[in-house]
Amino acid sequence: MEQYSEMQLHSFAGWNDRDGDEGLKRCWLHDHDRAGQVWQDGVQQCCLCSKATVFTLAAGADPIAFDTREQILCTECRLSARVRAAFGLANRELRGRNGASAYLTEQASLAFSWAQRHLPARVHGSEFESDAKARLRLSGYLRDIGGWGDIDFQDVTKLSHADAQFDVVISMDVLEHVRDYIKAIREFARVLKPGGALVATFPFNDRPSTLIRARLSDGVIEHLMEPEFHGDPLGAGILCWYHFGWDVLDVCRDAGFKDARMVMPWSPAAELRYGLWTLVAHR
């Protein structure tokens, strides 16, 4: 367990290391006792803003049964707990890297806008949108939320970026929408510099094996479970193919990462509650 900017980092290289860990158990028990309490806005310490700030719930959230991953927002940076935790880990990876560069697998988002203004790196981003008119609309949206630049189109399974170009790749809830996610992870390894880091979030089942929700069979999508769709900047739903398990770490190692771990940042003071599992893999 490691301490960083109000975050305890519970880090494990595999399911066998994680299973039955006493530190995780204490975190779970602490937050389990909070479950069922009515939410009240309060002044606490954001791990990104590094100052006292008010945390509130997203509009429409149930004040008792709210999503602790997505619906607890800092009113200063406006980011969810999942995104705050991921950027906290990315900041840690960027320490001491002069002239660093980072690639985010998103661009038309509050997260990318925040990264442009605050991440200690030259920030690049992209969207999986090939239509020029749609990218123009997304560029307008990015400007409206405080960002800048034209939207770049990239397919994460075949990035146009050069080898060893970035110090950090940040992918937040994208991989579950990529059918060939193994190829995407190989691409992330390719574009990272030696010693560079991948920081990634995704639906994580905290079990040994990845859950396949849908697959392609003879060119037709076969749903193995009730279809799950997530929103995107244009408002359309995107199919979720996977809920990842601990075996994603083996995929990273096979792709060329020398070290891959699932890290759970946790901090009651920063409203980072149990379950914010984040992949951190080093090239």
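The model is predicted, so local features need pLDDT of at least 70 and side-chain atom pairs count only at pLDDT 80 or more, while totals for chains, interfaces and linings use all residues. Residue numbers run from 1 along each chain as its sequence is written, and side-chain values use heavy atoms, without hydrogens and water.

**Overall**

The protein has seven helices and 17 strands. Its radius of gyration is 18 Å, close to the 19 Å given by the globule rule for 283 residues, so the protein is as compact as a globular protein of that length. The radius is taken over C-alpha atoms, and the rule is 2.2 Å times the number of residues to the power 0.38. Helices (H or I, at least four residues) and strands (E, at least two) are DSSP runs, numbered from the N terminus.

| Property of the protein | Value |
|---|---|
| C-alpha box along the principal axes | roughly 45 × 45 × 40 Å |
| Buried share of the 283 residues | 51% |

Buried means under 20% relative accessible area (1.4 Å probe, protein chains only).

**Ile 170**

Ile 170 sits in strand β8, residues 166-172. Its relative accessibility is 0%, so Ile 170 counts as buried. Leaving out residues up to four places away in sequence, Ile 170 touches Phe 87, Ala 90, Tyr 103, Leu 104, Thr 105, Leu 119 and Val 199. Contact means heavy atoms within 4.5 Å. Leu 136 is 34 residues from Ile 170 along the chain, and their C-alpha atoms are separated by 23 Å.

How values were computed. Buried < 20%, exposed > 50% of the residue type's maximum accessible area, 1.4 Å probe, protein only.
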